[in-house]
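Thanks for coming. I will take one structure today and go through it piece by piece. Please have a look at it first.

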Amino acid sequence: MTFDLNRIARRNIRDLKPYSSARSEFSGSAQIFLDANENAHGSPAGEGLNRYPDPLQRKLKRAIGELKGVAPSRIFLGNGSDEAIDLLLRIFCEPGRDSAVICPPTYGMYEVSAAINDVEIVRADLTDDFQLDAGSIAEAFTPGTKLLFICSPNNPTGNLMNRADILQLAGTFSGVVVVDEAYIDFSGQPSLIDVLTEFPNLVVLQTFSKAWGMAGLRVGMAFADERIIDLLDRVKPPYNVSTVAQEIALEAMTRRSWVEACVDETIVERSRIELELARLPFVTRVFTSDANFILVRMIDAGAVYEYLIDRKIVVRDRSRVVLCDSCLRITVGTAQENTSLLEALSGFESGSAKAAAEAAGEHA
Ligand SMILES: *Cc1c(COP(=O)(O)O)cnc(C)c1O
């Protein structure tokens, strides 16, 4: 292991004197707050909203720490996990000089965020079965490679990456390995949070946006070694998670069993749709999913996409994405929504699908 945080983080970030907010300079109990230029009379928006939020989101971190079995000092909270992605690029990659490696097909924000920060992206495509390709990842690394983004379960392919492959990379890469677990709740597999203490260069991203049903609230999580968390906290805007987001997320965490029931139902529905989709004559491949969506290859994905739009059903056309040619990505909905989708699809008959089926002698 050759990881050295002091060598990896940008010098200006290491030397940064962070903005010191009123709420970070004084966080004890007092009765009269005349330190933050707030409206002392109150707020038309609601009780307490005249005050700035806790910049370090301590209550929420304590609850998340308990839920995930991780110390609050190893938790960063952001305005969605997209904020953590951006901050990691800004902390570790010198614009115009350093690079980050991604493994396409994968989540689009890594590349967009890197482009915004003028960070070069090097691609090490997944293998044909959508697993990490150790050989091409090794080839993609240069001395300036600071970050490796791995998405597991991966968006848009839906599958988990082999855990042993990730750990192997984390153990040998001199930069930071970011494992995006936005969909981990649907996988039935343990999070890599479990091995955080063994890998000082591992960052695990999770979010309240998917299984937890709070995409509109914007709360994302990063779990990592305290020293990486410290860098994230120094670089983030001081009040990056609003009081409303902190309070509602905290309260929502008490409804864990409701969320678990949703996840269970989603997994049951996922199996049902997988089976039904595979029966459709124009579907050539249904990829196994560990997430709440399914990647499906079909004859003429574009035509199916338009056909569904005409029936007021929107899926994601991924057919122009590397390794995903002719594929749609379909989110698992409620049982009723999924039934509507399947009913609509059963009515689709493309000219080319019919021709292909007839050529294969499957249909009269
Ligand atoms: C949806 C998604 C996210 C977005 O997370 P936010 O917390 O809503 O910003 C992150 N990563 C992946 C892979 C996603 O699919």
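Let me start with a cysteine: is Cys151 buried or exposed? Cys151 counts as buried, because its relative accessibility is 5%. Buried here means under 20% relative accessible area, exposed means over 50%, and partly exposed is in between, with a 1.4 Å probe and protein chains only.

Before going on, the source. This is a predicted model, in which local features need pLDDT of at least 70 and side-chain atom pairs count only at pLDDT 80 or more, while totals for chains, interfaces and linings use all residues. Residues are numbered from 1 along each chain as its sequence is written, and side-chain values use heavy atoms, with hydrogens and water left out.

Back to the cysteines. A disulfide is a covalent bond between the sulfur atoms of two cysteines. The criterion used is a pair of cysteine sulfur atoms within 2.5 Å. Searching the whole structure gives zero disulfides. Cys103 is in no disulfide, and the nearest cysteine sulfur to it, that of Cys151, is 10 Å away.

Now the strands. Helices (H or I, at least four residues) and strands (E, at least two) are DSSP runs, numbered from the N terminus. Two strands pair if DSSP finds at least two bridges between them.

Strand 5 covers residues 176-180, and five of its five residues are buried. Val176, Val178 and Asp180 point one way, Val177 and Val179 the other. Strand 4, residues 145-151, runs parallel to strand 5, and five bridges join them. In that pairing, Phe149 has Val178 as its bridge partner.

Strand 7, residues 220-223, is covered on both faces. Gly220 and Ala222 are buried on one side, Met221 and Phe223 on the other. Which strands pair with strand 7? Strand 1, residues 75-78, is antiparallel to strand 7 over four bridges, with Leu77 opposite Met221. Strand 6, residues 202-207, is also antiparallel to strand 7 over four bridges, and there Val204 stands opposite Phe223.

Strand 6 also holds Gln206, which counts as buried at 3% relative accessibility. The side chain of Gln206 makes a polar contact with that of Lys68, at 2.7 Å. A polar contact is a pair of N or O atoms within 3.5 Å; within protein, one must be able to donate a hydrogen and the other to accept it, and residues adjacent in sequence count only if both atoms are side-chain atoms.

Last, the ligand. It is surrounded by 13 residues, the closest being Asp180, Tyr183, Thr207, Ser209 and Lys210; the cut-off is a heavy atom within 4 Å. The shell divides into four nonpolar, five polar and four charged residues. For that count, Ala, Val, Leu, Ile, Met, Phe, Trp, Tyr, Cys and Pro are nonpolar, Asp, Glu, Lys and Arg are charged, and the others, Gly among them, are polar.

An N or O atom in the side chain of Asp180 is 2.6 Å from a nitrogen atom of the ligand. A backbone N or O atom of Ser81 is 2.7 Å from a ligand oxygen atom, and a polar side-chain atom of Arg218 is 2.8 Å from a ligand oxygen atom. The protein covers 93% of the 390 Å² of accessible area that the ligand has on its own, by the Shrake-Rupley method with a 1.4 Å probe; for residues, only the protein chains shown count as cover.
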